[in-house]
Amino acid sequence: MKKLLAIAGMLAISASGSALAAGDAAAGKTKAAVCAACHGANGVSMIPMYPNLAGQKAQYLENALKAYKAGQRGGPTAALMNPQAANLSDQDIADLAAHFSSL
């Protein structure tokens, strides 16, 4: 019985943790206005050196933004992206990722 309660408790915690981590695409749309200059209004860049964000997997986008924020991602766009990402909270990142992945 104690084992069952422990397992049920762990499942409840993990389920609530993933629900809290989910981004809000509508909030992300509002936050994405600054992204449009390089990545396009709908996440499709008109500039070849900037990637399209529309339709990318949310987890990929979250990982990329967190890596930029931590200064762990290099390349030619890091000088632009590191300061942009530095000001984002984890919720901002989740919201942006949800928005762009929904496009």
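The legends below describe close-up views of a predicted model.

In this predicted model, local features need pLDDT of at least 70, side-chain atom pairs count only at pLDDT 80 or more, and totals for chains, interfaces and linings use all residues. Residues are numbered from 1 along each chain as its sequence is written, and side-chain values use heavy atoms, with hydrogens and water left out.

**View 1. The chain as a whole.**
The chain holds six helices and zero strands. Helices (H or I, at least four residues) and strands (E, at least two) are DSSP runs, numbered from the N terminus. Along the sequence the pattern reads α-α-α-α-α-α. Buried residues account for 28% of the 103 residues. Buried means under 20% relative accessible area, exposed over 50%, and partly exposed in between (1.4 Å probe, protein chains only). Take the contacts between residues at least 6 apart in sequence: 62% of them join residues at least 24 apart. A contact means heavy atoms within 4.5 Å.

**View 2. The crossing of α4 and α5.**
Helix α4 spans residues 58–69 and helix α5 spans residues 78–86. Their axes come within 7 Å and cross at roughly 95°. Axes are lines fitted to C-alpha atoms, for helices over the stretch in contact, and angles run from 0 to 180 degrees between N-to-C directions. The two helices are therefore roughly perpendicular to each other. Angles under 35 degrees count as roughly parallel, over 145 as roughly antiparallel, 65 to 115 as roughly perpendicular and the rest as oblique. From α4, the contact uses Leu65, Tyr68 and Lys69. From α5 come Ala78, Met81, Asn82, Ala85 and Ala86. By class, this contact has six nonpolar, one polar and one charged residues. Ala, Val, Leu, Ile, Met, Phe, Trp, Tyr, Cys and Pro count as nonpolar, Asp, Glu, Lys and Arg as charged, and the others, Gly among them, as polar.

**View 3. The buried side of α5.**
Ala78, Met81 and Ala85 of α5 are buried. They sit on the same side of α5, because they cover an arc of only 70° around the axis. The arc is that of the directions from the helix axis to the C-beta atoms. An α-helix has 3.6 residues a turn, so residues three or four places apart point the same way. The buried residues of α5 pack against α3 (36–39) and α4. Glutamine 84 also belongs to α5. Glutamine 84 counts as partly exposed because its relative accessibility is 42%. Its C-alpha atom lies 9.0 Å from that of cysteine 35, 49 residues away along the chain.

**View 4. The largest nonpolar core.**
This core has 14 residues, of which Leu65, Leu88, Leu96 and Phe100 touch the most other members. A nonpolar core is a set of buried Ala, Val, Leu, Ile, Met, Phe, Trp, Tyr and Cys residues joined through side-chain atoms within 4.5 Å. Helices α4, α5 and α6 (90–102) each give two or more residues. The most come from α6, with four. Leaving aside neighbours within four places in sequence, leucine 65 contacts Met81, Ala85, Leu88, Ile93 and Leu96.

Glutamate 62 lies in α4. Glutamate 62 counts as buried because its relative accessibility is 13%. Not counting residues up to four places away in sequence, glutamate 62 touches Ile93, Ala94 and Ala97. Asparagine 87 is in the loop between α5 and α6. Asparagine 87 is exposed, with a relative accessible area of 67%. Asparagine 87 and lysine 69 are 7.9 Å apart, C-alpha to C-alpha, and 18 residues apart in sequence.
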